[in-house]
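This report describes selected features of a predicted model. The sections below take up strand pairing, helix packing and individual residues.

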Amino acid sequence: MCTYNGGAYLGPQLQSLLAQDHADWRLWSSDDGSEDDTVSQLTGFAAAHPDRAMPPLTGPGRGAAAHFLSLLARPEMAGQWVAFADQDDVWLPHKLARAVDQLGQGRAATGPAVYASRSLHTDAQGAVLGPSPRHARALGFGNALVQNVLAGNTLVLTPGATDLLRATLDVAQDVPFHDWWVYLVATGAGIPVINDAEPGVLYRQHRGNLLGAGGRQRMGRAALLWNGTYARWIDANIAALSGIAGHLTPEAAALTETVRGWRTQSGRRVSPQALGLYRQSANGDRILRTLARLRRL
């Protein structure tokens with residue numbers, strides 16, 4: 001769990017960890033310079049539950065993606081199951097048990113695989129608003145290059161997936177989102193990715209969300225598509241992917257370089273879909289084509 005000024009909502013999340021059906025877990029937390037009581041809450045939780053939690057560490061102070069990846073990079077994480085947790089959610093009791101069960105079905109428990117799930121959106125007070133959307137199209141690298149669909153606050157990694165991600169972190173210093181990087185590496189390496197239709201997390205919507213799901217946040221994300229921010233995110237992801245070509249399938253490595261070259265071409269270019277890029281809806285594909293024509297992709 002990575003935290004920053006999350007004291008207002010942290011207590012219910014910590015209690016939801018204690019209420020998990022799956023009992024074999026330990027909390028590692030890192031704080032990025034909170035000015036509220038977040039650190040004292042984490043310290044108190046670790047003192048009250050020394051068998052469950054480590055005292056909080058200090059983050060790098062470079063944003064959420066770097067924060068989560070810095071915690072994953074710690075030597076103690078090698079060969080471990082890892083579940084990412086946000087400070088302001090509430091985990092449903094079955095969250096960990098269901099993830100471990102699904103990751104273990106049909107494959108060795110230590111093999112690389114990634115789990116994510118839907119969430120139940122709530123308001124700031126915790127009242128349920130409804131489930132997160134289901135994604136209609138298949139997960140794949142062509143989707144991951146232009147869209148993240150794995151919710152970071154639901155991610156669980158098998159030990160093999162943890163070690164695969166850890167092997168990429170030297171070149172992932174500037175990626176914009178840790179969960180998007182997980183999606184890119186997992187689909188690029190060809191390892192199983194589960195996106196469970198059963199919600200496992202109460203995802204609290206409030207003004208402090210980094211990227212929430214409400215109308216205000218959706219409008220903000222739309223602006224990022226047009227003002228060049230989205231293109232800069234893809235720049236950073238592709239630069240990092242080019243540095244881990246040895247961990248990608250030959251097809252994913254080739255597509256990365258094809259897209260890199262396509263983005264710098266002058267004159268008329270083929271459509272993103274002709275390259276194998278796609279988003280999770282027909283409208284998303286239309287937006288992608290428009291961004292490409294306007295040189296914002």
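Which residue in strand 9 is the bridge partner of Trp91? The bridge partner of Trp91 in strand 9 is Val201.

## Strand 9 and its partners

The bridge at Trp91 and Val201 belongs to the pairing of strand 5 (residues 90-91) with strand 9 (residues 193-204). These two strands run antiparallel and are joined by 2 bridges.

Strand 9 also pairs with strand 6 (residues 114-122), here in the parallel sense and over 8 bridges. Within that pairing, Val114 stands opposite Val193 of strand 9. Strand 9 therefore takes part in an antiparallel pairing with strand 5 and a parallel pairing with strand 6, and strands of a sheet pair in either sense through backbone hydrogen bonds.

Strand 6 and strand 7 form a hairpin with 5 residues between the strands. In this hairpin, Gly126 adopts a positive phi near 100°.

An open sheet of 3 strands is present, with parallel pairing and the strand order 1-2-3.

Strand 1 pairs with strand 2 (residues 30-31) in the parallel sense, over 2 bridges. Cys2 is placed opposite Ser30 of strand 2.

## Packing of helices 9 and 10

Two packed helices are described by the angle between their axes and the distance between the axes. For helix 9 (residues 229-242) and helix 10 (residues 250-264), the axes come within 10 Å and cross at roughly 140°. Because angles over 145 degrees are needed to count as roughly antiparallel, helix 9 and helix 10 are classed as oblique to each other. Their crossing is left-handed.

On the side of helix 9, the contact is made by Ala231, Ile234, Asp235, Ile238, Ala239, Leu241 and Ser242. These residues meet Thr256, Glu257, Val259, Arg260 and Arg263 in helix 10. By class, the contact of helix 9 with helix 10 comprises 6 nonpolar, 2 polar and 4 charged residues.

Is His178 buried or exposed? With a relative accessible area of 9%, His178 is buried, because this value falls under the 20% limit. His178 is found in helix 7 (residues 178-189).

Leaving aside neighbours within four places in sequence, His178 is in contact with Ala64, Ala65, Phe68, Leu69, Phe84 and Gly152.

## Residues with positive phi

Most residues other than glycine have a negative phi. Asn5, a residue other than glycine, has a positive phi near 50°. Asn5 is found in the loop between strand 1 and helix 1 (7-18). With a relative accessible area of 32%, Asn5 is partly exposed.

Arg295 likewise has a positive phi, about 60°, although it is not a glycine. Arg295 lies in the segment after helix 12 (282-293). The relative accessible area of Arg295 is 41%, and this residue is therefore partly exposed.

Note on methods:
Residues are numbered from 1 along each chain as its sequence is written. This is a predicted model: local features need pLDDT of at least 70, side-chain atom pairs count only at pLDDT 80 or more; totals for chains, interfaces and linings use all residues. Side-chain values use heavy atoms; hydrogens and water are left out. Axes are lines fitted to C-alpha atoms, for helices over the stretch in contact, and angles run from 0 to 180 degrees between N-to-C directions. Helices (H or I, at least four residues) and strands (E, at least two) are DSSP runs, numbered from the N terminus. Angles under 35 degrees count as roughly parallel, over 145 as roughly antiparallel, 65 to 115 as roughly perpendicular and the rest as oblique. A crossing is left-handed if the near helix is turned anticlockwise from the far one by less than a right angle, and right-handed if clockwise. Contact means heavy atoms within 4.5 Å. Ala, Val, Leu, Ile, Met, Phe, Trp, Tyr, Cys and Pro count as nonpolar, Asp, Glu, Lys and Arg as charged, and the others, Gly among them, as polar. Two strands pair if DSSP finds at least two bridges between them. Buried means under 20% relative accessible area, exposed over 50%, partly exposed in between (1.4 Å probe, protein chains only).
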